[in-house]
Amino acid sequence: DAVGISAETLSRNFSKDTGTTLKHYLNGQLSGVAAERLLASNRAVYEIAHELSFNDEYYFSRFFKKHTGLSPADYRKRYQTAEKL
């Protein structure tokens, strides 16, 4: 509504212009924000999931693993340790 076109038109134009789907792009952005938050703090995974509007920590964990290849806990262990070295 904000841009005056339908969601379908926006998605189609986005795919045509970028070569990727809008959903794929947005999911990548969301997993990137989640990864940053996991590394920037020691907050619990459920807190980060809630901040990112996931109602269920387990769904968030599945989403995160699908997009990064690691669970949130494993991602934090691997990359927080690497950052400290």
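**Labels and their cut-offs**

Q: Why does V3 count as exposed?
A: V3 has 61% relative accessibility. Exposed means over 50% relative accessible area, buried under 20%, and partly exposed in between (1.4 Å probe, protein chains only). V3 therefore counts as exposed. V3 sits in the segment before α1 (7–18); helices (H or I, at least four residues) and strands (E, at least two) are DSSP runs, numbered from the N terminus.

Q: What are the ground rules for the model and the numbering?
A: The model is predicted: local features need pLDDT of at least 70, side-chain atom pairs count only at pLDDT 80 or more, and totals for chains, interfaces and linings use all residues. Residues are numbered from 1 along each chain as its sequence is written, and side-chain values use heavy atoms, without hydrogens and water.

Q: Why is S31 called buried?
A: The relative accessible area of S31 is 7%, so S31 is buried. S31 lies in helix α2. Leaving aside neighbours within four places in sequence, S31 is in contact (heavy atoms within 4.5 Å) with F63, F64 and H67.

Q: Is S53 buried or exposed?
A: S53 has a relative accessible area of 62%, so S53 is exposed. S53 is found in the loop between α3 and α4. Its phi is near 70 degrees, a positive value in a residue other than glycine.

Q: What makes the pair F54 and F63 tilted?
A: The ring centres of F54 and F63 are 5.3 Å apart and the planes stand at 50 degrees. Rings of Phe, Tyr and Trp (its six-membered ring) pair if their centres lie within 6.5 Å; planes under 30 degrees apart count as stacked, over 60 as edge-to-face and the rest as tilted. The F54 and F63 pair is therefore tilted. Both F54 and F63 are buried.

Q: Why is the pair F64 and Y75 called edge-to-face?
A: The centres of the F64 and Y75 rings are 5.2 Å apart, and their planes stand at 85 degrees, so the pair is edge-to-face. F64 is in helix α4 and Y75 in helix α5 (residues 72–84), 11 residues apart. F64 is buried at 0% relative accessible area. Y75, at 15%, also counts as buried.

Q: Which residues do ring pairs link into a cluster?
A: The cluster holds F54, Y59, F60, F63, F64, Y75 and Y79.

Q: How do you know that E51 and R37 form a salt bridge?
A: Their side chains meet at 3.1 Å, N to O. A salt bridge is a side-chain nitrogen of Lys or Arg within 4 Å of a carboxyl oxygen of Asp or Glu. The E51 and R37 pair is a salt bridge. E51 lies in helix α3 and R37 in helix α2, so the pair ties together parts that are 14 residues apart in sequence.

Q: What makes R37, R43 and E51 one network?
A: E51 also meets R43 in a salt bridge (2.9 Å, N to O). Salt bridges that share partners join R37, R43 and E51.

Q: Why is E51 called partly exposed?
A: E51 has 36% relative accessibility, so E51 counts as partly exposed. R37, at 30%, counts as partly exposed. R43 is partly exposed, with a relative accessible area of 30%.
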